[in-house]
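Please keep the sequence and the 3D view open as you read.

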Amino acid sequence: HTDGSPYIAMELLKGHDLQKALRQPPPLALDRKVAVIVQVLAGLAHAHQAGLVHRDIKPANIWVQEDGSCKIMDFGIARETSHSMTGTGNVMGTADYMSPEQVQGKKVDSRSDLFAVGCMLFELVAGRRPFHADNLMAIFYKILHEEPNFDLVPPGPGHDALLPVLEALVLVLISARLG
């Protein structure tokens, strides 16, 4: 402003968030779902290189533009990697997509965002969230102690090719539990 006070200018985006895209017909084709994930990973790579951890990656925070390109939104709880813990015992993010470190209130890094992308990919291909439950504590328990049900992934060559990527989610989960 002319008085020197700060302001925010935001880009006008045309399209809708990924959560809405998942709910409205026609369903996204598998190659389109993978293209969205690849774009999210590319965007996160830039954020991570700048030392930022988003901490709330989820379909509602991915904007799918009319031309098919995607943008990551809502860096509201993002933190620099060196300061990625909000405070002792404070948990930030959306439960269904939280990494084990987030659930435990530990310091998070870029791997927490990648875990959330894995959860999104699971949801995109299986049609449901990998750790969903009826209440917050049950979701947290599942994230810390259970594996996603990979039998929910439909059969077929395209989905079969994605299974190793989805199963890597479990490896991240296991290594986070041990770390």
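## A residue to start with

Is R55 buried or exposed? R55 is buried, with a relative accessible area of 5%; buried means under 20% relative accessible area, exposed over 50% and partly exposed in between, using a 1.4 Å probe and protein chains only. You will find R55 in the loop between strand 2 (52-53) and strand 3 (62-65). Its phi is near 75°, a positive value in a residue other than glycine.

This is a predicted model, in which local features need pLDDT of at least 70 and side-chain atom pairs count only at pLDDT 80 or more, while totals for chains, interfaces and linings use all residues. Residues are numbered from 1 along each chain as its sequence is written, and side-chain values use heavy atoms, with hydrogens and water left out.

## Overall layout

The protein has six helices and five strands, arranged from the N terminus as β-α-α-β-β-β-β-α-α-α-α. Helices (H or I, at least four residues) and strands (E, at least two) are DSSP runs, numbered from the N terminus.

Of the 179 residues, 39% count as buried. Among contacts between residues at least 6 apart in sequence, 64% join residues at least 24 apart; contact means heavy atoms within 4.5 Å. The protein exposes about 10000 Å², and carbon and sulfur atoms supply 57% of that area, by the Shrake-Rupley method with a 1.4 Å probe, where for residues only the protein chains shown count as cover.

## The largest pocket

The largest pocket holds about 240 Å³ of space. Of its 15 lining residues, L41, V117, G118, L121 and V165 are the closest to the centre. A pocket, on a 1 Å grid over the protein atoms alone, is an open set of points where a 1.4 Å probe fits, with protein on both sides within 12 Å along at least five of seven lines; lining residues have an atom within 4 Å of a point. The volume is the space filled by probe spheres set on the points, which are joined across faces, edges and corners.

Helix 2 (30-49), helix 4 (110-126) and helix 6 (157-178) each supply at least two lining residues, and helix 6 gives the most, with six. By class, the lining has 14 nonpolar residues, one polar and no charged. Here Ala, Val, Leu, Ile, Met, Phe, Trp, Tyr, Cys and Pro count as nonpolar, Asp, Glu, Lys and Arg as charged, and the others, Gly among them, as polar.

## A cis bond

A cis peptide bond joins P25 and P26, with omega about -5°. P26 sits in the loop between helix 1 (18-23) and helix 2.
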